[in-house]
Structures are given as structure tokens and as C-alpha cells.
Amino acid sequence: MDVAAWLRGLGLEQYAQLFRDNDIDGEILCGVTAEDLKELGISSFGHRRRLLNAIAALGGEPPTRDVAQSATSATSAPISPPPIDAERRQLTVMFCDLVGSTALSTQFDPEDLRELIGDYHRAVAATVGRFDGFVAKYMGDGVLIYFGYPQAHEDDAERAVRAGLAVIEAVGQLPAREDLRVRLGIATGLAVVGDLIGKGAAQERGVVGETPNLAARVQALAAPNTLVIAEATRRQIGGLFDLADLGPQAFAGFAEPQPAWQVLGESGVLSRFEALRSGTMPLVGRAEELELLIRRWQQVKTGEGRVVLISGEPGIGKSRPAAALSAHIESEPHTRLRYFCSPHHQDSALYPFIAQLERAAGFARDDTVDAKLGKLRALLAPARRMTTISRC
């Protein structure tokens, strides 16, 4: 492909030498983005738009007919408006921003900085992808992410918070000459999302509503390597995370002060059922099931072994009868052991046992490795004494 002829067909032959100096041939041209054009030094918005439209018309392969004719027709043809494909969604929006990017630009060669930013973008995308987050847009050193679009989950707010904490850890572990830090903000609410904005490489999914604006405001409130959430997100995550109340905040564009919280980490609450429900409603329509559970408990107290399995679809209400039984027998002597699986720890087959061991040992979030080992030794000391006595 003759790139110089292609540029002449666009009336942009002044960039032919620039493209030659940067070894941009037909194959490379098909993958050029708006950011690449900016990096090349093409400052005119109109020229960048004309180039992007023509690149999109190439269809990812060098054209088989006259390049100049193809480029000219691509720019002269009327552009039809994109189809409307927007939806009204309950959406959780995350803004992620790299701290000190301006200072980094003065410390690194542009090529090194480009590689560093690329590593940061890939780390963020891979991390949020594990939680089904959708990267909607890269904005220089910022990333806009949706949870609840295009795939919705009942726990999108929780997924967003877990993803935010994981992003802080992942970016901090990047092999860079400088310690990279991020600040994140999350908000949840109704939004209209899905409109196609732009063409070709500049195309993105737009979102309209108060939610993205609020997410951007709380992100600006965050300190380096911290995550701040808005009120609606806090309500949806219940007691799953430890939070620091930052109080009402006056944000530009909002008539009333908006509450904000900094996420400190997982709360360690054993039961998701308890963590997500601050108050328990009366158990209705489960008298027969509860009577069966109590009957089995009475049989156990007489020395008969019993096992009860409660199974059903997610959300059908399996936890409520178990909680009601626990409340019924709380005044009677018994030992209760609870193990919970988690959809966010599917790569750890022993996660329920590890979590139970951590709770029994009393691990705290800021414990060092030595402190954890000391607590484990104290936990296991009675077992060692019992083993010694049995051998006498």
C-alpha cells in the first residue's frame, strides 16, 4: 500500500514524510488510533478526524483498488448517524486515575512513558475483567469502567469495590522504575448507557446521568492508593467492607452535599447474608421447614446423628431458615462451625477453611507475617497439649 498516495487522496500529503520517518506502512496504518496520531504530533483535530475516518474505511485490510480514490470517496460519502442502542440501567461506574502522571512525563522519555502507561492500562483492564467490569474508555492516564453493563449481576456494586481494591494492589506491583499509585472513585445509580459515540478507532459507549459525574467527583476526593465510594454504593455493599466515613462533601454540580466513604478493606464478616442485611425481616411461609429443622435438632440432642441439606436456586431464601434455627437454639449449649464459599474466590478450593482458620486465629488486616505465625502457634498450642496427654 502506498501510504503517501493515500495521504495525497485525503489532501494531507504534508504528513507523508512524518509517516515515512515512523515506518508506518499499510499494515501498521490499519491499527493507528487517535492517541497514536496525537503522539505523532498531528495537532489539528480536523486532520486527526479525517485520518481516523479514512482508516476506518480501510476495514482492517489494505484496499485492492486505487488508494487515493478509496480515501477520497470515504471522506466525501455522507456519514449516516449511528443506530441508537441505549439502555436504562442500574449502573456502577468506576473512575481510575494514575497519580502524578504529569510528573512522570517530565521524568521519562516519551517512549518509556508510553510503555509504562500501556502496562498500567493492561493491569487495570485485566484486573477489572476478573470481576466482569467493562472498560468503556481510556482517557490518557484515566480509565472509565462500568459494572452492570453489558452484563448485569446482582452484586455489581460489590464487584466494583473488590475490583477497585485489586487494582490498587495490581498497579502497585507493576515492575516500574517509579512506584505507581492510583486513586479510584465509585458511584451507583440509574444511567442511560450504550449510545455509540464517534467512529472507527474513536468509537466508544457513552453513558448519561448523574452516576458517572458523581463517580468522577468522589474519585477526585480519594488520596493516592485509596478507593472512595458514594452513598448508593455503600448501601448495596452492606457490611462486607470496613469503611471510613468522610462525611458530606460539597461537589460541583450537586445541589446537596453528598456522603462519601473510603473503603479500608474487607470486613471479615463471616456471613454474606448477615453482611448484606442490617435488619432481618420476620420469616414468613417457612413454618414447616423450620419445624423439621427443630425436630432434627431434638434428635441430635438425644444422641442420634443427623444431617440436613438445604438446597435451591440462588436467592430463593436458603439462608433464612438456617438463621432462624440458629436464633432458636442460641440459648442451648452447642458448637457452631460455619464455612462459606465465595464467587470471588473460585480459584481457591480451600478458601472456606482458610477463612475459618484466619477467623479462629484472630488475624487482623494489618498483621505482619510474624504476628500471624504467633497467633497460629497460640491457636494450635491446646491441640499440641492434647496430643501430648494422649500419648502418656
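In this predicted model, Arg159 has a relative accessibility of 15% and therefore counts as buried, the limit for that class being under 20%. Its salt-bridge partner is Asp155, with the closest N and O atoms 2.9 Å apart, and Asp155, at 13% relative accessibility, likewise counts as buried. Side chains of opposite charge can pair when their charged atoms come close.

The structure holds 13 salt bridges, and Glu231 takes part in two of those described here, one with Arg234 and one with Arg235. For the pair formed with Arg234, the closest N and O atoms are 3.5 Å apart, whereas the N to O distance for the pair formed with Arg235 is 3.1 Å. Arg234 and Glu231 lie three residues apart in helix H11 (residues 231–237) and are therefore separated by about one helical turn; Glu231 and Arg235, four residues apart in helix H11, are also separated by about one helical turn. With relative accessibilities of 22% for Glu231 and 26% for Arg234, these two residues count as partly exposed, while Arg235, at 52%, counts as exposed. Elsewhere, Asp36, Glu39 and Arg114 are linked in a network of salt bridges.

The largest nonpolar core has 36 residues, and those with the most contacts inside it are Tyr120, Val124 and Val182. At least two residues of this core are supplied by each of several elements, including helix H8 (110–129), helix H9 (156–172), strand E1 (87–98) and strand E4 (182–197), and the largest share, eight residues, comes from H9. Beyond its neighbours within four places in sequence, Val182 is in contact with residues that include Cys96, Leu98, Tyr120, Val167, Ile168, Val171 and Pro224. Apart from this core lies another, of 20 residues, among them Leu91, Ala136, Leu214 and Phe254.

Phe353, which is placed in helix H15 (residues 351–361), has a relative accessibility of 49% and so counts as partly exposed.

The protein chain averages a pLDDT of 79, with 81% of the residues scoring at least 70. Confidence is highest in E6, at a mean of 96, and lowest in helix H6 (residues 67–76), at a mean of 42. The pLDDT is below 50 over residues 60–84, a stretch that has 23 contacts in the model beyond near neighbours in sequence; it is also below 50 over residues 386–392, for which the number of such contacts is zero. Where pLDDT is low, the predicted coordinates should not be read in detail.

Notes. Residues are numbered from 1 along each chain as its sequence is written. This is a predicted model: local features need pLDDT of at least 70, side-chain atom pairs count only at pLDDT 80 or more; totals for chains, interfaces and linings use all residues. Side-chain values use heavy atoms; hydrogens and water are left out. A nonpolar core is a set of buried Ala, Val, Leu, Ile, Met, Phe, Trp, Tyr and Cys residues joined through side-chain atoms within 4.5 Å. Buried means under 20% relative accessible area, exposed over 50%, partly exposed in between (1.4 Å probe, protein chains only). Contact means heavy atoms within 4.5 Å. pLDDT is the predictor's confidence in each residue, from 0 to 100. A salt bridge is a side-chain nitrogen of Lys or Arg within 4 Å of a carboxyl oxygen of Asp or Glu.
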